[in-house]
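Here is a friendly note to read beside the structure. Please keep the sequence and the 3D view open while you go through the points.

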Amino acid sequence: MSLPMVLLPVFVEVALTFALLFWNKRRGQATDAADEFGLPTLFYALIAIALPLRHADLVIVLLSWVFVVTRFVNAGFVSGADKRGLAWTASALVLLAMWLYFALKMLLLI
């Protein structure tokens with residue numbers, strides 16, 4: 001079985017997770033636990049997959065730092081609690097971009 005075929009279900013599950021996180025956030029139903037643990041877990045999973053496959057390139061590293069900075073803002077360490085919702089959305093969008101970039105690299109073999 002080819003690597004893209006093995007990873008395709010992972011990418012579909014990640015897409016579903018993002019869809020549910022954004023859907024619940026939009027409807028005001030997301031819990032703090034889902035917000036705080038869902039995104040970091042998806043981040044750790046991406047890095048854990050990308051590293052051994054040698055696909056953690058400069059784009060992934062730069063986006064990783066942007067993700068971490070937005071998580072600091074979300075935690076209130078940078079700009080206070082009034083920006084937390086926006087920071088969560090920014091961190092989710094950055095992580096979504098990372099997953100899309102990685103998925104395209106793996107599925108299209110670029």
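1. Trp99 and Phe102 both lie in helix 4, three residues apart, which is about one turn of the helix. Helices here are DSSP runs of H or I with at least four residues, numbered from the N terminus. An α-helix has 3.6 residues a turn, so residues three or four places apart point the same way. Trp99 is buried, and Phe102 is buried as well; buried means under 20% relative accessible area, exposed means over 50%, and partly exposed is in between, with a 1.4 Å probe and protein chains only.

2. **How to read the values.** Please bear in mind that this is a predicted model, in which local features need pLDDT of at least 70 and side-chain atom pairs count only at pLDDT 80 or more, while totals for chains, interfaces and linings use all residues. Residues are numbered from 1 along each chain as its sequence is written, and side-chain values use heavy atoms, with hydrogens and water left out.

3. **Phe102 and its surroundings.** Phe102 sits in helix 4, which covers residues 84–108, and its relative accessible area is 0%. Which residues does Phe102 contact, leaving aside its neighbours within four places in sequence? They are Phe11, Leu46, Ile49, Ala50, Leu53, His55 and Ile60, where contact means heavy atoms within 4.5 Å. The C-alpha atoms of Phe102 and Ile47 are separated by 10.0 Å, although the two residues are 55 apart along the chain.

4. **The core.** The largest nonpolar core has 21 residues, and those with the most contacts inside it are Leu39, Leu95, Met98, Trp99 and Phe102. Such a core is a set of buried Ala, Val, Leu, Ile, Met, Phe, Trp, Tyr and Cys residues joined through side-chain atoms within 4.5 Å. Helix 1 (3–26), helix 2 (32–50), helix 3 and helix 4 each supply at least two residues of this core. Its largest share, nine residues, comes from helix 4. In soluble globular proteins, nonpolar side chains tend to be buried together.

5. **Met98 and Ser64.** Apart from neighbours within four places in sequence, Met98 is in contact with Phe43, Leu46, Ile47, Ile60, Leu63, Ser64 and Phe67. Ser64 belongs to helix 3 and counts as buried at 10% relative accessibility. Not counting residues up to four places away, Ser64 touches Phe43, Ile47 and Met98. Its side chain also reaches the backbone oxygen of Ile60 at 2.7 Å.

6. **One salt bridge.** How many salt bridges does the structure hold? It holds one, in which the side chains of Lys105 and Asp57 meet at 2.8 Å, N to O; the term stands for a side-chain nitrogen of Lys or Arg within 4 Å of a carboxyl oxygen of Asp or Glu. Lys105 lies in helix 4 and Asp57 in the loop between helix 2 and helix 3, so the pair ties together parts that are 48 residues apart in sequence. Lys105 counts as buried at 10% relative accessibility, whereas Asp57 is partly exposed at 23%. Beyond residues up to four places away, Lys105 touches His55, Asp57 and Ile110.

7. **Aromatic pairs.** A search of the whole structure finds seven aromatic pairs. Rings of Phe, Tyr and Trp (its six-membered ring) pair if their centres lie within 6.5 Å; planes under 30 degrees apart count as stacked, over 60 as edge-to-face and the rest as tilted. Phe18 and Phe22 form a stacked pair, 6.4 Å centre to centre with 20 degrees between the planes. Both lie in helix 1, four residues apart; Phe18 is buried at 3% relative accessibility, while Phe22 is partly exposed at 25%. The rings of Trp99 and Phe102 have centres 6.3 Å apart and planes at 80 degrees, so that pair is edge-to-face. Ring pairs link Phe11, Trp99 and Phe102 into a cluster.

8. Helix 1 has 24 residues and reaches 34 Å from its first C-alpha to its last, close to the 34 Å expected at 1.5 Å a residue; the expected span is 1.5 Å times one less than the number of residues. Its buried residues include Pro4, Leu7 and Val14. For helix 3 (residues 58–74), the 17 residues should span 24 Å, and the end C-alpha atoms are 24 Å apart, which agrees. Just after helix 3, Gly76 takes a positive phi of about 90 degrees.

Technical notes:
A polar contact is a pair of N or O atoms within 3.5 Å; within protein, one must be able to donate a hydrogen and the other to accept it, and residues adjacent in sequence count only if both atoms are side-chain atoms.
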